[in-house]
Amino acid sequence: MKHGLKVIAVGLALTVPSAFAGNGTTAEHIEAATAAYKKLAKETSYQWTVTVKAIKAAQKALDAGDDKAARELAHHAMALVEATRTQAKLESENWKMRVPK
Amino acid sequence: MDRRSVLKIAGAVSAATAAMFAVPRMAFAAYSDAIFKQKAGADALQNAYGANATTPSDQVKLKAPDIAENGAVVPVSVETDMDAESIAILITENPSPMAITADFPAGTKAMVKTRCRMGKTTQVTAVVKSGGKLYTASKEVKVTIGGCGG
Amino acid sequence: MKKIISHVAFGLLGLSVSAAVVAGPAEDRAAFQKFYENRFPDTPVADFQNGVYSILPAAREQWEEIEEFPPYELAIERGEEIYNKTFANGKSLASCFGDDGAVRGQYPYWDRDRGMVVTMELAINECLEANGEKPLKYKKGAIADVGAFMSYNSRGQKVNVEIPSDDPRALAAYENGKEHFYTKRGQLNFACADCHMYTAGNMYRADTTSPAFGHATSWPVFRSKWQSMGTLHRRFAGCHNNIRANPYKAQGEEYRNLEYFVTYMSNDLEFNGPAARK
Amino acid sequence: MSSIRIKAKDRKGLVDVKCLMKHNMETGLRKDKSGKKIPEHWIQDVSAESNGKVVFTAAFNTSISKDPYLAFAFAGKKGDSLTISWKDNTGATDSAETVIK
């Protein structure tokens with residue numbers, strides 16, 4: 001149960017892993033999020049609809065010239081990818097607890 | 001009700017489509033914008049029945065759910081043991097409240113069942129016309145939106 | 001824990017078979033069905049095939065009104081036409097599934113030759129393709145109409161999914177479906193079991209979740225929300241969207257295995273499709 | 001094939017009628033994908049006739065659900081004919097005939 005809450009918390013968090021914060025152009029940040037999403041999709045069967053939406057929204061904001069919003073959305077997408085990965089990792093074992101005996 | 005002009009329309013329609021559908025000549029009940037496009041229920045009643053003074057009556061049996069499963073298809077039925085000529089159903093919160101009028105010639109039971117659309121939580125009123133007077137029963141139907149099915 | 005020890009003990013005694021028997025699908029199913037019987041003691045077991053209406057009397061009343069003249073009757077008619085339509089090669093779906101298509105009870109099944117789960121919808125399309133016809137789209141439209149016709153003629157057939165114990169691949173497919181059912185997915189972090197087992201009957205926003213016991217019996221359904229017919233896999237995809245997980249491909253391996261598991265869990269109920277749902 | 005499906009059963013001198021009419025019942029409030037309003041299109045009048053005599057009439061608003069359902073009952077008997085017809089706001093009509101069971 002604790003694990004479950006953690007996943008939601010990460011998933012909803014808008015803030016970013018700090019290592020990622022400053023460097024690179026916003027376009028690069030969007031690219032990085034897209035690449036991370038694609039990698040996740042290859043490695044697990046877990047993907048969230050919101051991640052794709054965030055990436056698209058980031059691109060749209062960038063195209064509209066809103067660099068700050070685009071960057072935040074790219075970071076949000078990256079956080080969602082990380083949260084999905086955490087979920088996949090936890091669930092690879094945790095599902096067994098839910099099977100009634 | 002202008003029965004003759006209704007017959008005329010029905011006749012014309014049936015002539016026009018006889019080759020395709022072989023629609024028999026028959027009298028259609030009178031739809032009219034004056035009843036069904038009215039924004040106020042009382043005006044709709046006035047235009048349908050020539051009166052809008054109503055009396056609540058427990059002899060009017062209105063059946064509708066407390067909470068609609070889906071606002072797009074809410075089962076509603078009205079029935080009465082009174083000797084009735086017509087039944088109407090009004091849905092207060094809809095853009096034009098009058099949903100249906102049903103007329104019963106002699107020998108037909110004063111009962112009608114249908115499925116209605118309700119855009120939001122609303123009062124539903126059944127009106128029975130009997131002996132020139134209007135009797136009613138009302139109830140609230142809750143329409144919820146959102147959730148896995150909504 | 002005790003159970004594991006006893007398995008080990010059996011194994012040591014040379015009764016290795018019993019481990020598989022004790023912990024296998026049959027035991028899963030017994031525990032699964034028992035869970036719902038305990039959670040909804042007022043619902044007669046056979047009634048679980050009616051979905052959420054088996055536990056919600058107020059909704060049931062409206063559903064029964066709809067069932068007086070259900071919208072899926074038009075789908076059955078359309079389905080019958082498609083079913084009897086002659087292919088370019090002179091055959092028809094009836095050549096594959098018999099005069100009335102009353103074969104619902106045979107699906108889903110484990111196809112030993114191909115090592116995969118075969119559902120009724122998949123079989124319909126394979127029949128079409130084998131006869132040089134174009135396959136149908138899997139979620140709605142003609143496939144749901146034909147399915148409605150075939151299911152209607154199959155009403156009352158017992159759900160009797162088999163997981164052949166002599167083919168480990170069948171058990172693996174079952175286990176894959178089972179894992180899917182109990183695994184949390186999507187941003188909302190829900191497993192099928194969270195909504196449709198452990199909190200079945202609770203309100204989620206404006207809706208009450210249905211028990212998963214009986215989930216697979218009534219398809220295809222006419223759903224008021226869709227204002228059209230849809231297949232079980234259409235609903236699977238809708239559920240995944242709701243929890244913000246990417247849906248899987250209709251009739252892909254993931255959903256076929258999930259159907260295999262969910263239907264097996266409803267063994268001994270009856271197929272009662274098509275049905276009307278909210 | 002007619003757009004109307006009828007079930008009519010004699011129950012001790014009272015004929016129970018249930019019918020479903022295939023019709024979109026467009027309210028005029030819906031928009032299509034391009035954002036254009038879909039014009040209202042709905043059944044306005046329904047009439048039932050048995051052995052040449054009108055036994056039931058109804059008028060509908062757009063608030064009657066898609067594929068309208070109607071149930072009513074009249075004095076009649078097994079073997080009698082029953083014809084149900086509708087007319088919509090475009091002037092289109094359809095009808096279906098059945099024998100009471």
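An axis here is a line fitted to C-alpha atoms, for helices over the stretch in contact, and angles run from 0 to 180 degrees between N-to-C directions. Helices (H or I, at least four residues) and strands (E, at least two) are DSSP runs, numbered from the N terminus. The model is predicted: local features need pLDDT of at least 70, side-chain atom pairs count only at pLDDT 80 or more, and totals for chains, interfaces and linings use all residues. Residues are numbered from 1 along each chain as its sequence is written, while chains are lettered from A and ligands numbered from 1 in the order in which they are written.

In chain A, helix α2 (residues 26-43) packs with α3(A) at an angle of about 160°, the axes being 10 Å apart. α2(A) is therefore roughly antiparallel to α3(A), a term for angles over 145 degrees. Residues are in contact if their C-beta atoms, placed from the backbone, lie within 7 Å. Among the residues that meet are A:I30 and A:Y37 in α2(A), and A:I55 and A:L62 in α3(A).

Chain A also touches chain C, with 17 residues from chain A and 19 residues from chain C. On the side of chain A, α1 (2-12), α3 (49-63) and α4 (67-94) each give two or more residues. The largest share, four residues, comes from α1(A).

In chain C, eleven of the twelve residues of α8(C) are buried, so this helix is largely enclosed by the rest of the structure. Buried means that 20 or more other C-beta atoms, placed from the backbone, lie within 10 Å of the residue's own. The buried residues of α8(C) pack against α5 (72-84), α6 (93-97), α7 (120-130) and β6 (228-230) of chain C.

Notes. Two residues are in contact if their C-beta atoms, placed from the backbone, lie within 7 Å. Angles under 35 degrees count as roughly parallel, over 145 as roughly antiparallel, 65 to 115 as roughly perpendicular and the rest as oblique.
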